[in-house]
Amino acid sequence: MATSLYSDEIRSISQASERFASERGLVLLRPRHRPLRSPFHFAVPSGCYALVSRHGADKEYVRSDGTRSIVWPPGLHFGYPPWVRVSHLVTMQTIVLDLPVKACKTKDNVTVNIDVALAFRIMGDHEAGEDPDFVRKFVQEVKPRGLEQQLRDAQDEAVRGLARSLTHTEIYGIRSGEHTRFIRSALGSVTASSVGHVESSHDDMQRDMVAEATTLPERRNETLVGESDDQDRNAAKNAIAKGADVTEYMKQRLNRQFMPQGVQILSIMIQSCTLPKEIETQMEEKTMVISKNAQQRMFHQNNMQNTRMEEEIVTLRQTFEELRHQEESAGSEQINEEKVKLNDAVADAKKSEATIIQEGIARADKLRAESDLEVQRIISRKDQTIATMKAESHREAAKLHAKTKLEVERKIAEASVIAAKNRAQASRLLARAEGITAPMLAQKNEHITKLKQLDVYRNLANNDNLVLCDTNDSDANVIVIADSILADSASSKHLSRSSVIAELSLLNRLSKDMFDTNYSNSTPTVNEAVNGYS
C-alpha cells in the first residue's frame, strides 16, 4: 500500500515494468534517453500508457483505421529516427493510497483518528472506451504530487463530515473489514481491462455487508459472543449500514470530481478507527463483563454436554458388546459351514489329483516310447549323413592335398630360382665390397697392430722389474737378468724362487764352458734344478 504518489526517471524503458511492480506509489516514469543500440526503433512495455515525443513535442500514434491517439500501444515500433522517443510512462495498474485523517470530531465531540485507504487508476484505455487524452492531461496538468494533494484534501473533508455524523459508540461500525480484503487482493489482480468487474464486485460486497448488518442478531450465537441489550445491537447495525452507505457516497463524490481529470476511484476502505485511551478502556471493560458472563454459561453447558456424552458412550459400548457377541456366533456357524465345504472340496481335489496322475503316467509312457522311436530314426539318419559327409570330405581332402602338393612344389621351384639369383647377386655385391674395403681394412689392421705395440711398450715402461740390454747375446742377457734378480733378493731376508733360478742359470752357463759338450745331455735343466732345489 502506497503512502504517497511520485514520479521518477529511468535509464531504460526495459526497467519500467519492474519499477511499477515493486514500487506501489510510483505513477509516472520519464525515460532519460533512447538506447544507442536501437537507433531506428523503440519499444513500449505492456501494462502502462506511453507518450512519445519528437524534439520535445508530443507525437500521436496513427492506427490502422486512420484514427490518431496520443497513447502508443505496447510493442516494437520501427522506422523512427533517434529523436523520436518515449517521453512518459504512466502505470495502468490499480494503486492503493493510504490517507489517514487525524483528530476528527464525532457527533458527541470525541476526537478519533480514522485510517482510510483509496484505490484508484489512471484512465485512458482506448479498448475500454476511454479517452487517451486523459493520460496527457494527467502528465501535463494533474501530475502525481498534485493528484495526491487533491485526494488528501477531498478525502479529509469527506471523512471529517462522516465522523461528525456519528457518535463515538457508532464509529467502530464504519470499519470495512471486507473492503480491506478486497483492496489487498485488487493490488495483484486488477488491471485496466477488468475495471468494470472490480466495480461490480465492490458494489456486491457493500450490499452483502448491509444485509449482514440487518441480520446480525439472528445469525450469531449469544452464548459465544455474550449478551448485550437491543440498543447496542441496533446501534452497531445502524453504524455498519451507515458506514457502507457513506463510503459509497464518498466514492461517487470523488469520481465526479476526478474522472474529468482522468482518475477513476475504484473503492474507498475505512481500515481502522482509534478512540481516546480512556474511552477504549471503558468499552473494553463493558465487553469483558459480557464475555465473562458468556464464559460462565459456556462452562456450564460444557459440563452438561460432557455428562451426556459419557452416558452415551456407556450405552454405545453396551450396544457394541451385544453386537460383537452376535457377530461372533454368526461367524462360528459360518466357519463350520465353510469347513464342511472345504472338506468336500479337498476330497474332490484328491480324487481329481489321482486321476490326473494316472493319466499323466500313461501319457508319459506313450511319449517316452514315441520319443525313443524318434531318437532311433534320428540316429540312423545321423549315421548315414555322417558316412556320406566323411566320404565327401575324404575325396575333397585328396583333391586339396594334390593341389596343395603341386602348388608347394611350384612355389619351391620359384623360390629356388629366386634364391639362386639372390645368392649370385649377393656374391657379386660382396666381391665388389671386398675390393673396395680391402685397402681400408689393411690400414685398419695396421693401425690396430700399432696400438697394441704401444700398449706393450707402455706396460714395459711401467714394469719396475724390466731389465734392458744392448746386446743380442743370450748368455749375456741371462747373466744380466740373474744379476738383477740376485741384487733384489739380497735386500730380502728370505730366499725366493726367482733368486734360486737365477743362481742355477748362472751355474748352468758357467758349466757349459767347463765341461765337455758330450756331457751336456746329462746336465740337468734349469727347471729340473729348481725342482730339485725346492
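Mentor: Points are joined across faces, edges and corners, and the volume is the space filled by probe spheres set on them. Keep in mind that this is a predicted model, with local features needing pLDDT of at least 70 and side-chain atom pairs pLDDT 80 or more, while totals for chains, interfaces and linings use all residues. Residues are numbered from 1 along each chain as its sequence is written, and side-chain values use heavy atoms, leaving out hydrogens and water.

Now to the second largest pocket, whose volume is about 340 Å³. Its lining comes to 17 residues, and the ones nearest its centre are W72, P73, P74, D125 and E127. Two elements each give two or more residues to that lining, namely β4 (48-54) and β8 (71-72); strands are DSSP runs of E with at least two residues, helices are runs of H or I with at least four, and both are numbered from the N terminus. Sorted by class, you get 9 nonpolar, 5 polar and 3 charged residues around the second largest pocket, where nonpolar is Ala, Val, Leu, Ile, Met, Phe, Trp, Tyr, Cys and Pro, charged is Asp, Glu, Lys and Arg, and polar is the others, Gly among them.

Stay with W72 for a moment. W72 has a relative accessible area of 1%, so it is buried (buried is under 20%, exposed over 50%, partly exposed in between, with a 1.4 Å probe and protein chains only). The structure holds 2 aromatic pairs. In the one between Y61 and W72, the ring centres sit 5.1 Å apart and the planes make 55°, so that pair is tilted (rings of Phe, Tyr and Trp, the last by its six-membered ring, pair with centres within 6.5 Å; under 30 degrees is stacked, over 60 edge-to-face, the rest tilted). Because Y61 belongs to strand β6 (residues 61-62) and W72 to strand β8, the pair ties together parts 11 residues apart in sequence.

Next, follow the chain to β11. A103 lies in strand β11 and has a positive phi near 60°, though it isn't a glycine. At 43% relative accessibility, A103 is partly exposed. In the loop between β11 (95-105) and β12 (111-122) you'll find T106, which is buried at 0% relative accessible area. Beyond its neighbours within four places in sequence, T106 is in contact (heavy atoms within 4.5 Å) with V112, A163, R164, L166, T167 and H168. N109 sits in the loop between β11 and β12 too, and at 53% relative accessibility it's exposed. N109 also has a positive phi, of about 65°, without being a glycine. Most residues other than glycine have a negative phi.

One more loop is worth a stop, between α8 (230-258) and β13 (263-274), where Q261 lies. Q261 is buried, with 18% relative accessible area, and touches F134, K137, V142 and Q150, leaving out residues up to four places away.

Of its 534 residues, 26% are buried. Among contacts with a separation of 6 or more, 70% join residues 24 or more positions apart.

Methods. On a 1 Å grid over the protein atoms alone, a cavity is a set of points where a 1.4 Å probe fits but cannot get out, and a pocket is an open set with protein on both sides within 12 Å along at least five of seven lines; lining residues have an atom within 4 Å of a point.
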